[in-house]
Every structure is written in structure tokens, then in C-alpha cells.
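Student: I am new to this structure. Could we go through it in short steps?

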Amino acid sequence: MVEGQIPIEEYDTGNTKHKWDFKKLKQAHRVVFKYSYKKGKVEKGYTNRTLYINLSKKEIKEKKVTEEMKKIFTGGRGFGLKLLWDSIKPTTRWDSDENDLVITTGPLCGTTQYPGSGKSLCLTVSPSTNIICDSNVGGFFGPYLKFAGFDAIEIQGKAKHDVVIIIDGEKGKILIETAPLEETDTHLLSEQLTSMYASEDTDKSRQKVSVVTSGKGAENSYWGCMNFSFYDIRRKVPRVKQAGRGGLGTVLRNKNIKAIITKVEKVSGISNNPADPVTLAKIGTKLHREVRDLDRYQCNMRAVGTAHLVEIMDEYDLLPTENYRFGSFPKASKIYSPEFYKYFTKIIPDGCWHGCTMACAKTVDGFTVMTGPYKGQKVTVDGPEYETVGCGANMSIWDPLWILEFNFYCDTYGLDTISTGTAIAFYMEMYEYGILNKKRCDGIELCFGNSYAVLELLHRIASGDKGEFVQVASKGIRRVKDWLIKNGWGDKNLIEDCGMESKGLEYSEYVTKESLAMQGGYGLTLKGPQHDEAWLIFMDMVNNAIPTFKDKAEALHYFPMWRTWFGLNGLCKLPWNDIEPANNAETDDPTKVPEHVQNYVDYQSAMTGKKITKEELILQSERCYNWQRAMNVWMGRGRRKDDWIPFRSMGPVTDMEYISRKDRYDRYLAEKIGISEKEIEKMNLKEKMKILYDFRQDQYQKLADAVYFRRGWTPNGVPTPQKMKQLGIDNPEMLKFLQETIEKDDKDGLNVWGGKYGKGEEPPSIQPKYWEKW
Amino acid sequence: MDKPKTVKILKFHPEKCDGCLLCEKACSKVHFKSDEGGDKSAIRIIKDGKSYKMHVCDQRGLCLDMCPVGALQRRKNGIVWLDKEVCIGCQACVGFCPIGAMRKSEARIEPFKCISCGACVRACPNGALELVEVKIDRIKEVVYHNLGAE
């Protein structure tokens with residue numbers, strides 16, 4: 001770190017300054033309906049109420065949070081599941097009137113002492129998957145929502161015209177106002193609203209406002225993200241973090257919500273009113289010191305954020321390149337983190353919530369936009385994070401400036417960079433094979449590496465272009481697959497195997513071909529292929545620490561449960577293992593980072609005043625995890641067939657993928673499948689690929705068998721009532737539904753293991769209905 | 001506003017110190033209206049063999065960049081000042097202070113630090129403490145916190 005400071009008043013981003021007539025904007029607002037509430041106090045991390053808004057019925061009410069609700073669902077994402085269960089139907093779809101958009105906090109959310117404690121958890125029925133999608137996001141909104149008086153906000157129904165929702169924690173008022181004249185795109189809208197709703201014209205006042213926005217891209221695609229702002233008193237701009245996955249911003253705009261604004265009177269170190277602030281400060285300070293002393297030798301988050309992963313992934317053949325065909329690329333060094341470090345603004349506290357000294361939220365200030373409606377303007381680009389850079393590699397874009405351009409427009413248009421990048425990479429591969437072409441792509445030359453074409457597609461999506469390709473492409477890979485197959489363009493199997501989606505959601509940016517456990521980490525998930533449930537590649541592939549199916553299943557039980565826990569509490573996962581104590585490697589279980597797990601045990605106890613163990617933390621997650629899976633089943637999606645993953649995530653789909661890693665795959669055929677070297681030499685490429693294909697598909701099914709069993713589910717992946725009861729869940733409606741589902745699966749012959757077990761191999765259980773004996 | 005060029009910082013004369021800790025008591029009076037000293041004092045006198053060491057903020061200001069809400073500012077007189085009304089108690093400055101001179105007492109969530117008020121200097125019966133004016137640019141080289149017994 002450079003010594004010497006940028007005084008707060010003196011820092012200038014060099015961004016284009018905008019002048020708006022705020023009076024005019026405000027005068028155009030009309031209050032549609034409103035509500036006054038008694039300001040409450042946060043007690044030991046909970047406000048003990050949630051806010052319900054129905055935009056169709058013009059209704060606002062408070063819902064009580066009971067002790068029972070806290071016991072079963074803990075908070076955060078758990079509360080979101082409970083609220084959704086009470087509000088939606090199995091037939092609810094993303095654009096149904098009754099679809100519920102929920103933003104929750106969690107009991108530890110808003111703590112300032114422990115890094116990574118400002119996360120909001122957003123849930124809704126996703127346009128991509130038709131099941132619940134949860135997304136974890138930084139920014140000030142979650143903490144402010146809680147300090148304004150609510151553990152969560154849920155929004156049902158749709159407004160007739162574009163509205164903003166104001167949660168005024170200063171005055172104790174909720175207002176739903178029309179907002180016809182404001183911008184729609186995030187970088188402008190969040191700046192307008194932050195200024196308009198700050199109590200005074202000062203940076204400190206603007207810092208007490210946070211807004212949730214999306215953009216024009218979200219309106220016209222299934223990739224809409226929600227941007228959560230956090231005003232930066234040094235850069236003097238509201239910066240944004242994204243609830244990216246699953247099209248939550250699309251739902252926001254479908255409800256005609258332009259923005260949700262929350263403001264607070266005051267934030268202090270004890271706004272959560274913790275039971276034991278002294279312990280909180282102690283464990284928080286301990287972690288700050290670890291970050292201070294060790295980050296530069298570990299992940300270097302404070303300097304380059306998550307972008308430090310680019311070079312590591314490239315080195316281990318895990319950086320998705322040209323739609324996951326390869327895991328490394330000769331040009332990749334052009335987008336390694338030092339290339340972005342050149343552009344990042346330095347030595348500014350870059351936490352997306354107060355007190356996060358990991359400070360991974362980097363920006364490029366004064367970036368000159370190169371295309372589209374904001375061409376020539378200078379803006380702050382939030383990021384890029386690893387995933388966004390990974391999208392660059394996936395689309396074969398090796399220029400940091402074009403990755404920044406892609407990043408900027410995705411954010412301001414309200415598009416998830418991951419879904420957008422992964423999908424475009426697939427379209428590019430189809431273009432290379434001639435399955436798509438310029439004509440079929442509405443005149444866009446969407447070939448690998450064509451940055452202009454990528455941006456052109458984004459601008460057309462945002463402008464509401466009615467071209468057939470733009471229309472279907474913006475709905476994601478799943479819909480494009482169906483469209484290509486329906487038109488008879490290309491080979492169906494090739495299309496299915498290349499398009500990196502599962503459950504309708506696009507993959508995030510890791511190559512999983514050589515790690516079976518990580519294939520499960522993407523496929524055997526609740527919302528779809530996102531690495532937030534488990535990241536097991538090194539443990540599995542590099543260190544070979546989980547060799548058997550049982551070992552892998554244990555990891556695919558523990559880590560998803562552990563990582564779910566962050567979302568129940570309003571936390572970020574990064575300070576758990578992206579910084580490790582100096583002696584972590586010498587502990588009995590380094591992958592779990594035992595000292596940090598203990599921090600979290602102490603942290604939750606210090607907040608709620610309830611003594612707890614590390615085993616109980618996992619139990620808290622297991623309740624919610626199983627509940628969400630059960631809701632997936634309830635909505636018709638949570639079974640073995642829905643945990644299907646494309647073969648591109650398991651192995652080589654095309655000849656060139658095999659040939660480019662021939663030694664690796666030949667060795668695999670010999671060592672893992674037991675084919676003699678002589679036989680391998682005799683085989684042609686097609687034969688070898690077929691054997692590999694069938695073997696790895698079977699491996700994945702066997703993995704699913706082991707994981708379902710470990711998680712307490714049936715062989716078809718359905719949570720059992722017995723397991724639910726063990727977890728303390730006794731909701732009769734839920735238990736009855738699960739029982740009936742399992743009986744129906746039984747009649748249909750679906751309660752059978754998926755793997756083909758040969759001599760000397762055994763499925764996880766040979767007992768039929770093993771769960772009934774639990 | 002012109003940037004302050006100099007600041008007063010504490011200088012310690014270990015040969016004059018008898019370890020009476022009246023300085024700490026005077027300091028905790030300033031910060032917490034308490035004469036307990038110890039954890040409530042921004043200046044600490046530490047026994048080191050037969051002699052004593054002083055441990056206190058050198059007004060270097062590396063913490064200024066750590067504060068997410070701008071509660072830490074260098075004032076006109078050059079000292080690094082923590083505004084506890086603005087502070088949100090995150091302890092980032094406490095954790096990152098390279099010499100551990102940003103302090104936290106159990107009495108409140110917001111940290112506190114030496115403000116070069118001179119209360120300790122006045123309280124010392126032996127003249128072991130002194131406020132000296134130094135150029136801010138040169139503080140790094142001066143590093144008075146290290147003065148005292150080895």
C-alpha cells in the first residue's frame with residue numbers, strides 16, 4: 001500500500017458531471033399510496049418484523065417475526081423462503097402477479113466490526129429457472145433496511161406505472177410514488193435518487209441513502225440484475241453491487257419498480273444492539289489484523305479484488321475460454337489482475353459495507369465509454385470482479401478496456417455479467433460452427449473475440465430491439481437451445497452439450513471438466529449452476545483429498561450447508577477463506593478454516609446472546625437448504641432430471657477439446673477406466689470420446705446417488721419427511737406434500753439409483769425406502 | 001484550506017520516568033472522565049526491564065485512509081482526530097494501525113486516540129513527557145513511539 005492519503009474532499013474521479021433539475025423530477029412524482037410505521041429498535045440483530053407491500057392491491061402492512069420463525073429459518077435467505085412459502089403457489093411464475101420479490105437482511109447484517117457483514121439476500125421466482133433463485137449482494141441497502149425497521153421487505157403485485165418505493169427510516173414512512181422522469185439505467189438513476197432523497201446536500205447525508213435499481217437491459221431480457229448502491233464519500237458517486245443471478249432485476253422491472261430507496265437517520269457500531277459488543281469488536285479486530293498482515297501474501301484482495309483469480313485459473317486450466325472449450329489460453333496474460341490494477345483507483349477503503357477491510361470492491365474511475373448511448377462520457381466502473389473477467393475469456397475478449405466496457409454496460413443496463421457473458425460465449429460457439437450466422441443473428445457478427453458485436457447485442461437488448469434473435473438470445477441459453485433445435489439448425493446433442501446451463505441458469509466462470517466433485521457443486525444445487533454452494537476443484541482435482549464417492553458426497557453436504565449459513569445471516573463468504581490465519585495449514589482441517597468457523601460461532605453468539613456450537617450452525621443451514629429443495633419439488637423442478645448438467649462441464653464435447661488435452665484424456669482412459677495402452681492406441685478419436693462420455697455421465701449419476709443419500713433425500717432427489725422431522729420441521733402441509741410426492745415417484749418407478757453399479761461396486765444403500773427406517 | 005505542515009507529538013524521556021502512571025490517569029480523564037488509566041488511556045507506559053517505554057500515536061495518519069465514513073481527519077493543528085459522532089465503530093483503524101496506537105476500550109464501541117492535548121505532560125511530576133512540534137512529512141523518520149528502553 002502506498003503511504004500518504006488522498007484527502008476526502010480532494011479526490012476527483014474525473015467522471016462526466018451531470019446536472020439535473022431535481023425540482024422538476026420531484027414535482028412529477030405522485031404519491032400512489034403510503035404508510036406510517038412506528039420506528040422500532042433492532043434487538044440482538046433482529047427488528048422482529050418484516051414489511052409487506054402489494055403494488056396491485058395498494059396495500060402495505062407489517063408482519064411479525066416470531067421466535068418459531070427465527071428457530072426454523074434463522075434469518076436472511078431463510079426468512080425469504082418462509083415469506084415465499086406463505087405467498088406463492090406451485091404454479092407461480094416469474095411474471096405472475098403474486099410472485100414475491102423479497103430482500104432480506106439476517107441477524108448479523110449491518111455489523112460494522114466483522115468484515116463482510118453487509119449482505120442482502122434477494123429471492124424470487126426466477127424467469128430463467130421457474131423456481132426460487134436466491135442472490136447474495138453487498139451495498140448499504142440491507143443494513144439500512146434493518147436500521148429503518150425491517151428484517152425483510154417483500155413485494156407482491158405490479159404497479160400500473162413506474163414507481164419508486166421509499167422506506168424512510170428517518171420519518172417512519174413508506175411511500176410509493178410514481179417516478180416518470182427519472183432515468184432507468186443504473187449509473188444515472190442511482191445518482192439522481194441518492195441526491196433527491198438525501199436529507200441534506202452533503203456527502204455524509206448521501207451516504208445514509210441506498211437505492212436498488214436495475215436498467216433497460218433487465219426489462220428486455222431474463223438476465224436482469226438488481227444493483228444495490230453504496231455511496232462513496234471519496235469518489236462522490238453511488239457505487240453498486242449486483243444481485244446478479246437468476247433475473248431478479250427482470251422481476252423488479254416487471255413489477256414496474258424503478259427503484260427501492262431506503263434511508264436512515266444514523267448508523268453506529270451498535271445499531272444492531274448486539275448482546276455482547278465487546279466480543280464482536282475483539283473478533284473483528286483480530287480479523288482486521290489478519291487482513292492487514294496476510295492479505296498481500298494470500299489473495300491480494302485489497303489491491304485487485306477477486307480478479308487475482310484470473311492468473312490462478314489460467315495456470316490450472318480452469319479459466320473458461322471460448323465457451324469452456326479450454327481452461328487456459330496463450331493470450332490470457334493480457335487480462336491478468338496486474339493489467340486491471342493499472343486502472344484501479346488505489347488506497348481508498350473499498351468495502352461494499354462499512355468495516356469490510358478485505359475491500360475487494362475495486363473501481364476504475366474516469367473510464368471513457370467507447371460505444372452506445374453513453375459513448376464519450378467518463379464514468380466509474382465497479383469492478384471487474386473475477387467472474388466478469390472470466391466472461392471476457394469465455395467470449396475470447398483479451399483486452400481489459402473492452403472487459404471494462406462490457407462490465408459498465410451490463411451494470412448500468414441491469415444485466416448479470418455472468419449470465420450475459422456465458423450465454424454470448426455459447427452463441428459465439430454456435431456461430432463458429434455455422435449453426436448461427438450473421439443472418440440468423442439479426443446482422444450481428446457474433447464470433448469469438450468480436451467485442452463490438454458483444455456490445456452491439458447489449459445495446460440492442462437494452463433498446464428493446466424486436467429482432468427474432470435479439471428477442472430469444474436475451475432470454476438465455478435454454479431458450480436459444482430450444483429455438484435452434486426447433487428450427488432444425490445443428491445437431492441437437494451438440495447444442496445441448498455445449499450450452500452451459502442447468503435448470504435454465506447459465507454457469508458461472510469455472511471449468512469443471514476434470515473435477516467430478518465440482519460438477520456436483522454446480523449441478524446438485526438449489527438455484528442452478530453457481531459456485532456459491534461449493535468450490536471443490538482444488539480439493540478434488542489438485543489435491544485429490546476427496547477420492548471416493550462418499551468423500552465427495554460429504555464435501556457436497558458440508559460445504560453447501562456451510563456456505564448457505566452466510567446467506568442466513570447477511571454475511572459475505574469471502575472473509576471466511578479468502579483470508580486464512582497464518583497457521584491454518586497446520587490445523588486438522590485446513591479446508592474448513594477452523595479458526596474462522598469458531599469466529600462465526602462466537603460472532604452469532606455475541607449478536608443473539610444464545611450460546612451455539614459449530615454443529616448447530618450447519619443445522620441452521622440444513623433446515624433452510626432442505627426447505628428450498630422441497631419448494632423446488634413443490635414447483636415441479638427439484639428432482640434428478642432437473643440436476644442434469646451439459647457434457648461440456650464433464651468432459652470434451654468436440655474433437656479439438658480432446659486433441660488439445662490428448663495426454664490427459666488418454667491417461668484417464670487407462671488409469672480410471674482400465675483400458676490398456678495398446679487398446680487405446682488402436683482406438684480412433686470417436687471411440688475414445690464415446691467411452692469417456694458414457695463413463696463420465698455414469699460417474700455423475702453415481703455422485704448424485706451418494707449426495708442425495710448423504711443429504712437425506714430419496715434416490716430421485718426428494719427431501720424425505722423423516723429428514724425434515726429430524727431437522728425440527730413439522731409443517732404438516734410440507735410433510736404431507738413430500739410424502740405424497742415420494743409415493744408417486746415410487747409408483748412411477750423413479751426411486752431407483754441413477755448409476756450403473758458393476759461388480760465390487762455398491763450404491764449408497766441397498767435397502768428400498770431406506771429413509772423410512774430413520 | 002491550507003494543509004497543516006506541522007504537528008505536536010509526544011516525546012518521552014525514559015530516564016526521568018518512575019512509572020507512576022499519572023499520565024495514563026490524566027489521559028483517561030480526558031477521554032472517559034475516569035481516572036482508571038490503563039485500557040482507557042491513549043498513552044501507555046510499559047515497564048521494560050528496569051526502564052520504561054511509551055506507546056502512543058505518532059500522528060502519522062495511516063489510519064486516515066482506512067475510515068469508510070470520514071470520521072478520521074487531520075485537523076488544522078495537524079493532529080489526526082477521530083470524530084466519534086461520525087464513527088461507526090468498525091475497528092478498521094484499530095486493526096490496521098501499524099503500531100497499535102488506535103485504542104479501543106470496553107466502555108464504548110468507538111475507538112479513541114492521542115490528541116496531543118498535553119494532559120499527560122502536565123500530569124507528569126518528573127517532566128518525562130514533552131510535546132514537540134515536528135513536520136508532518138518527517139514523522140515517518142522520527143517515529144517517537146519507539147523512543148525509550150530497548
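Predicted model: local features only at pLDDT ≥ 70, side-chain atom pairs only at ≥ 80, totals over all residues.

Student: What area is buried between chain B and chain A?
Tutor: Buried area is the accessible area (1.4 Å probe) that two parts lose on being put together, summed over both. Carbon and sulfur atoms give 55% of it here. The total is about 2600 Å².

Student: Which residues of chain B lose the most area to chain A?
Tutor: Three stand out, together giving 26% of what that side buries. They are Asp65(B), Ile88(B) and Phe96(B).

Student: Which side chains meet in a salt bridge?
Tutor: A salt bridge is a side-chain nitrogen of Lys or Arg within 4 Å of a carboxyl oxygen of Asp or Glu. The count between chain B and chain A is one. At 3.4 Å, N to O, the partners are Lys282(A) and Glu106(B).

Student: Why does Asp365(A) count as buried?
Tutor: Buried means under 20% relative accessible area (1.4 Å probe, protein chains only). Asp365(A) counts as buried because its relative accessibility is 12%.

Student: Which side chain joins Asp365(A) in a polar contact of 3.0 Å?
Tutor: A polar contact is a pair of N or O atoms within 3.5 Å; within protein, one must be able to donate a hydrogen and the other to accept it, and residues adjacent in sequence count only if both atoms are side-chain atoms. The side chain of Asp365(A) has such a contact with that of Thr363(A), at 3.2 Å. At 3.0 Å, the partner is Arg235(A).

Student: Which residue in β13(A) is the bridge partner of Val212(A)?
Tutor: Strands (E, at least two residues) are DSSP runs, numbered from the N terminus. Two strands pair if DSSP finds at least two bridges between them. Strand β10 (residues 209-213) of chain A runs antiparallel to β13(A), with five bridges. The partner of Val212(A) is Ile260(A).

Notes:
Residues numbered from 1 in each chain as written. Chains lettered and ligands numbered in written order. Heavy atoms only, no water. Helix = DSSP H or I, 4+ residues; strand = E, 2+ residues; numbered from the N terminus. Buried < 20%, exposed > 50% of the residue type's maximum accessible area, 1.4 Å probe, protein only.
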